[in-house]
Amino acid sequence: MRIIAVKGLAPLARAYASQPRDPLNFHAGQWRKRVRQAEVEVIDNLRAEGVEIAISKEGTVRVAFENIRTTSRLGLRTALKNWETKARGDRVDGLYRKGRKP
């Protein structure tokens with residue numbers, strides 16, 4: 001769990017921290033490049049640790065590590081957050097099931 005947090009989520013959090021509020025901002029293009037570069041570095045670092053990361057043509061990201069598998073259509077950052085949530089034993093789809101009680 002620590003590998004995902006330190007080598008995956010922390011660098012992405014730093015990259016997303018400087019996100020401009022307005023997508024038409026002058027600096028938005030530079031920010032997108034930094035985020036893409038951070039994602040490439042995170043993927044390389046995590047694969048070196050044994051994390052399986054697969055990205056489909058449609059943009060779906062699959063992460064598998066230590067018998068925990070997650071998928072996200074919202075990108076690498078969300079897939080890693082989902083992995084961390086499942087590793088803690090929580091449900092990933094909890095946002096969509098708030099009205100139901102098991």
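The legends below describe close-up views of a predicted model. Local features need pLDDT of at least 70 and side-chain atom pairs count only at pLDDT 80 or more, while totals for chains, interfaces and linings use all residues. Residues are numbered from 1 along each chain as its sequence is written, and side-chain values use heavy atoms, with hydrogens and water left out.

**View 1. Packing of helix α1 against helix α3.** Helix α1 covers residues 2-17 and helix α3 covers residues 76-88; helices (H or I, at least four residues) and strands (E, at least two) are DSSP runs, numbered from the N terminus. The two helices pack at an angle of about 140°, and their axes are 10 Å apart. Axes are lines fitted to C-alpha atoms, for helices over the stretch in contact, and angles run from 0 to 180 degrees between N-to-C directions. α1 and α3 are therefore oblique to each other (angles under 35 degrees count as roughly parallel, over 145 as roughly antiparallel, 65 to 115 as roughly perpendicular and the rest as oblique).

**View 2. Residues between α1 and α3.** From α1, Ile-4, Ala-5, Gly-8, Leu-9, Leu-12 and Tyr-16 meet Leu-76, Arg-77, Leu-80, Lys-81, Trp-83 and Glu-84 of α3; contact means heavy atoms within 4.5 Å. By class, this contact has eight nonpolar, one polar and three charged residues (Ala, Val, Leu, Ile, Met, Phe, Trp, Tyr, Cys and Pro count as nonpolar, Asp, Glu, Lys and Arg as charged, and the others, Gly among them, as polar).

**View 3. The three-stranded sheet.** The strands form an open sheet in the order β1-β2-β3, with antiparallel pairing; two strands pair if DSSP finds at least two bridges between them. β1 (52-55) and β3 (68-72) are the edge strands, each pairing on one side only. From one strand to the next, the twist averages 10°. Of the five residues of β2, four are buried, so β2 is largely enclosed by the rest of the structure (buried means under 20% relative accessible area, exposed over 50%, partly exposed in between, with a 1.4 Å probe and protein chains only).

**View 4. Bridges and hairpins.** Four bridges join β1 to β2, where Ile-55 has Val-61 as its bridge partner. The hairpin of β1 and β2 has five residues between the strands, and Gly-59 takes a positive phi near 100°. Five bridges join β2 (residues 61-65) to β3, and Val-63 stands opposite Thr-70. Two residues lie between β2 and β3 in their hairpin, with Glu-66 in the turn at a positive phi of about 50°.

**View 5. The two faces of β3.** Ile-68, Thr-70 and Ser-72 point to one face and are buried.

**View 6. Surroundings of Ala-28.** Ala-28 lies in helix α2 (residues 28-48) and is buried, with a relative accessible area of 3%. Leaving aside neighbours within four places in sequence, Ala-28 is in contact with Pro-20, Asp-22 and Pro-23. The C-alpha atoms of Ala-28 and Ser-18 are separated by 9.5 Å.
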